[in-house]
Amino acid sequence: MRTYSLLMIIATAWLFNGCIDPFEVNFVDFESALVIEATITDQLKPQQVVLTRTYEFEEDGPSAESNANVSVSDSAGNTFNFQDTGNGVYVSTQAFAAQSGMAYQLSVTTQDGRSYQSSTTQLTPAATIDDIRAERITNDNGEDGMAIFLDSFDPSGNAKNYRYEYEETYRIIAPEWNPRSLIGDPAGGCGVLKIPNSTDEEVCYRTDLSNAIILTSTEDLEEDRVANFMVRFINRNNYIISHRYSILVRQFVQSNEAYTFFETLNELSGSESLFSQTQPGFLQGNVFSNENRDERVLGFFDVSSVSEKRIFFNFDDFYPGESLPPYVEPCQPSAPPLVNPSGICVLRPIIDSGAGIYWGDNEPPGQNEGPFFIVRRICGDCKVLGSPEVPDFWIE
């Protein structure tokens with residue numbers, strides 16, 4: 001999970017550690033701090049570490065920390081090196097899995113020579129997801145929609161603390177796709193020609209990642225059982241469930257230290273706590289500077305056992321005979337004239353730019369209308385939203 005919200009939350013908590021007074025959004029004394037996001041798991045795969053910098057409110061988002069030396073070492077003397085793949089994402093040069101009983105430590109040296117480390121961390125106990133299911137419910141806010149529920153059980157009773165992430169993939173069908181398309185007349189001028197459509201796609205797929213902190217704990221329960229826990233709710237009118245939908249849920253077992261960190265971070269994410277009169281100050285993780293222990297380093301190095309499960313469902317499975325959710329954008333056709341009264345081309349520049357695509361013929365054209373209806377590209381070409389390639393895991 002690329003927790004950009006995490007960056008904003010911690011940076012805000014850091015900056016606003018006193019009572020709130022009116023302020024200009026311009027922080028003269030702002031100090032860019034390194035943010036480390038790293039969860040190493042017991043899955044045999046290339047592991048990932050994300051390095052970014054905190055950012056000020058007027059900036060668009062965090063900047064990537066590039067060209068750093070990143071490695072993870074274990075108590076057996078093994079070192080796993082990571083390479084910069086861009087956008088602050090560092091991926092291990094070899095696949096490895098965290099092992100039970102082994103201690104792990106993250107090391108980072110930035111391109112300006114600053115050195116950082118994490119506390120040594122051990123792999124948490126394992127717990128397996130028993131079941132994931134989709135149910136149509138009405139939530140506490142009175143919204144009709146699809147809920148994704150999860151069950152998990154650890155008979156040893158050692159897991160206790162759980163964090164969840166998900167990847168959701170869904171089919172997109174462009175509602176106004178047409179087997180014909182328009183191109184500008186090669187002869188020039190304002191004319192357009194109708195040809196077979198070889199560029200626009202009708203069916204695509206898109207994958208989105210969770211961006212919230214999803215936690216639960218069985219610490220106060222009689223047994224280490226997660227039952228009927230809702231990981232995701234999707235409003236009935238959300239277009240992502242219009243056709244076929246899949247979700248992959250990952251369950252991370254966390255240490256008490258990691259769970260407390262993410263629980264506190266989750267509490268800080270509420271707008272009331274961010275700007276309350278009692279500010280929490282700096283949220284300390286388990287990463288620090290080797291040269292200056294007073295330097296504020298943000299984030300957490302986590303070593304977690306993980307379990308995952310995927311399910312699929314169709315809209316008709318739960319809403320048989322009901323109308324589909326509204327498309328992500330309204331798709332109202334229009335019929336721009338070929339030329340305006342001043343002799344300037346109108347339709348062709350729209351077609352040439354790709355902003356509009358063919359919808360149908362307009363016969364006969366009305367006053368100030370052209371011979372063709374067009375719609376926004378998003379309505380007739382699903383590539384605006386996703387990829388026409390079917391994911392490897394997809395099943396019907």
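Accessible areas here come from the Shrake-Rupley method with a 1.4 Å probe. With that settled, I looked up the total for the chain. The accessible surface comes to about 19400 Å². Carbon and sulfur atoms own 46% of that surface.

**Entry 1. The whole chain**

I am working with a predicted model. I checked confidence before anything else. The pLDDT averages 88 over the chain, and 87% of the residues score at least 70. I note both stretches and take my residues from elsewhere.

Next came the fold inventory. I find six helices and 22 strands. Of the 396 residues, 47% count as buried. I also looked at how far apart in sequence the contacting residues are. Among contacts with a separation of 6 or more, 70% are between residues 24 or more positions apart.

**Entry 2. Helix H2**

I picked helix H2, residues 256-268. It has 13 residues. Its first and last C-alpha atoms are 18 Å apart, close to the 18 Å expected at 1.5 Å a residue. Which residues of H2 are buried? I list Ala258, Tyr259, Phe261, Phe262, Leu265 and Leu268.

**Entry 3. Thr41**

Thr41 sits in strand E1, residues 34-41. Is Thr41 buried or exposed? Its relative accessible area is 2%, so I log Thr41 as buried, the cut-off being under 20%. I then listed what Thr41 touches, leaving aside neighbours within four places in sequence. The contacts are Gln47, Ala97, Ala98, Phe252, Ser304 and Val306. The side chain of Thr41 reaches the backbone nitrogen of Gln43 at 3.2 Å.

**Entry 4. Gln105**

Gln105 lies in strand E7, residues 103-109. Its relative accessible area is 19%. Buried means under 20%, so Gln105 still counts as buried. What does the side chain of Gln105 reach? It reaches the backbone oxygen of Ser118 at 2.8 Å. I checked the backbone separation of this pair too. Beyond four places in sequence, Gln105 touches Ser71, Val72, Ser73, Gln117, Ser118, Ser119, Thr120 and Phe301.

Ile173 is in strand E12. I get 28% relative accessibility, which makes Ile173 partly exposed. Its contacts beyond four places in sequence are Glu202, Val203, His243 and Tyr327. I also took a distance to Ser242, 69 residues away along the chain. The two C-alpha atoms are separated by 8.7 Å.

Ser181 belongs to strand E13, residues 180-184. At 8% relative accessibility, Ser181 is buried. Leaving aside neighbours within four places, I count Leu193, Lys194, Ile195, Pro196, Asn197, Asp200 and Tyr358 as its contacts.

**Entry 5. E21, E22 and the loop between them**

I turned to strands E21 (356-361) and E22 (372-376). How many bridges join E21 to E22? There are five, and the two strands run antiparallel. Gly360 stands opposite Phe373 in E22. I checked burial as well. Four of the five residues of E22 are buried, so E22 is largely enclosed by the rest of the structure.

The loop between E21 and E22 holds Pro364 and Asn368. The peptide bond from Glu363 to Pro364 is cis, with omega near -10°. Asn368 has a positive phi near 65° and is not a glycine. Its relative accessibility is 63%, so I log Asn368 as exposed, the cut-off being over 50%.

**Entry 6. Backbone check**

Most residues other than glycine have a negative phi, and most peptide bonds are trans. One further residue went on my list. Lys160 has a positive phi of about 70°, and it is not a glycine. Where is Lys160 found? It is in the loop between strand E11 (144-153) and strand E12 (161-173).

How values were computed: Residues are numbered from 1 along each chain as its sequence is written. This is a predicted model: local features need pLDDT of at least 70, side-chain atom pairs count only at pLDDT 80 or more; totals for chains, interfaces and linings use all residues. Side-chain values use heavy atoms; hydrogens and water are left out. Buried means under 20% relative accessible area, exposed over 50%, partly exposed in between (1.4 Å probe, protein chains only). A polar contact is a pair of N or O atoms within 3.5 Å; within protein, one must be able to donate a hydrogen and the other to accept it, and residues adjacent in sequence count only if both atoms are side-chain atoms. Contact means heavy atoms within 4.5 Å. The expected span of a helix is 1.5 Å times one less than its number of residues. pLDDT is the predictor's confidence in each residue, from 0 to 100. Two strands pair if DSSP finds at least two bridges between them.
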